[in-house]
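Colleague: Hi! Could you walk me through this one in simple terms?
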Amino acid sequence: MTNWFYQRPILNKILVSCCRLFPYSMFFLYAVGSVCLFSHFLFYGFDAEYLLFWIIPAVGFVLISLLRKKINAPRPYDLFDFTPLIGHESGASFPSRHTACAFLIFSALLWIFLHNLFPIPLVILSGVLALLTGASRILAGLHFPKDVFCGALFSLVFSAVCYPLCSVLLGYFVR
């Protein structure tokens, strides 16, 4: 697949740019979400439950990093001897950390949207960017589809379990 992009230099540059741009766009949206929360704190006071916006993605990032280091699966270019579109070190392919982080951020933004603290168009944009992040990692030859799928699945399940569970626990212990 990467040969197809190497034969089309303009598309190659676009894909490489997207691989770099999508994660930064997700972090930008996460920063916008942080500003929304800080604004909420400023006008309505501090609420410990909203710390989950930062804690759950951070814990998810650490867990996904430990998991991929432990598994240390080869990358597609390690197995099939080709040059990926983006230089990268070998190993630690499964699950995709870029995809997992993108979906952790999407989940965090969705969670604050459900608390009426973030606009739905930006949540939708973050979901699209999370999907595009995963797709671009496959097209660039950095990950297998299963790496991307499992990174997204991990983040969605982790978030779907942790946000409600931690909210209930915080409500029980803090209030």
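Predicted model: local features only at pLDDT ≥ 70, side-chain atom pairs only at ≥ 80, totals over all residues.
Modeller: Happy to! Numbering starts from 1 along each chain as its sequence is written, and side-chain values use heavy atoms, leaving out hydrogens and water.

Colleague: Okay, how many helices and strands does the protein chain have?
Modeller: There are seven helices and zero strands. Along the sequence, the pattern reads α-α-α-α-α-α-α. The C-alpha trace spans about 60 × 35 × 20 Å along its principal axes.

Colleague: Which loop is Asp 81 in?
Modeller: Asp 81 sits in the loop between α4 and α5. Its phi is near 50 degrees, a positive value in a residue other than glycine. For background, most residues other than glycine have a negative phi, and most peptide bonds are trans.

Colleague: And which residues does the cis peptide bond join?
Modeller: Phe 94 and Pro 95, with omega at about -15 degrees. Pro 95 also belongs to the loop between α4 (76-80) and α5.

Colleague: Switching to packing: at what angle do the axes of α2 and α6 cross?
Modeller: At roughly 150 degrees, and the axes come within 9 Å. Axes here are lines fitted to C-alpha atoms, for helices over the stretch in contact, and angles run from 0 to 180 degrees between N-to-C directions. Angles under 35 degrees count as roughly parallel, over 145 as roughly antiparallel, 65 to 115 as roughly perpendicular and the rest as oblique. So α2 and α6 are roughly antiparallel to each other.

Colleague: Which residues in α2 and α6 meet?
Modeller: Contact means heavy atoms within 4.5 Å. On the α2 side, the residues include Leu 15, Phe 22, Met 26 and Leu 29, and they meet α6 residues including Leu 125, Leu 129, Thr 133 and Arg 137. By class, this contact has 13 nonpolar, four polar and one charged residues. Ala, Val, Leu, Ile, Met, Phe, Trp, Tyr, Cys and Pro count as nonpolar, Asp, Glu, Lys and Arg as charged, and the others, Gly among them, as polar.

Colleague: Nice. How do the axes of α3 and α5 cross?
Modeller: Their axes come within 10 Å and cross at roughly 160 degrees, so α3 and α5 are roughly antiparallel too. Phe 53, Phe 61 and Ile 64 are among the α3 residues making the contact, and Cys 101, Leu 104 and Trp 111 are among those of α5. That contact divides into 12 nonpolar, two polar and two charged residues.

Colleague: How far apart are the axes of α2 and α3?
Modeller: They are 11 Å apart, and the packing angle is about 145 degrees. Tyr 30, Gly 33, Ser 34, Leu 37, Phe 38 and Phe 41 in α2 meet Phe 53, Trp 54 and Pro 57 in α3. Here the classes are seven nonpolar, two polar and no charged.

Colleague: Last topic! How many residues line the largest pocket?
Modeller: It has 18, and Phe 27, Phe 61, Arg 97, His 98 and Cys 101 lie nearest its centre. The elements giving two or more residues to that lining are α2 (9-44), α3 (52-71), α5 (97-114) and α6 (120-139). On a 1 Å grid over the protein atoms alone, a pocket is an open set of points where a 1.4 Å probe fits, with protein on both sides within 12 Å along at least five of seven lines, and lining residues have an atom within 4 Å of a point.

Colleague: Which helix gives the most to that lining?
Modeller: α5, with six residues.

Terms used. Helix = DSSP H or I, 4+ residues; strand = E, 2+ residues; numbered from the N terminus.
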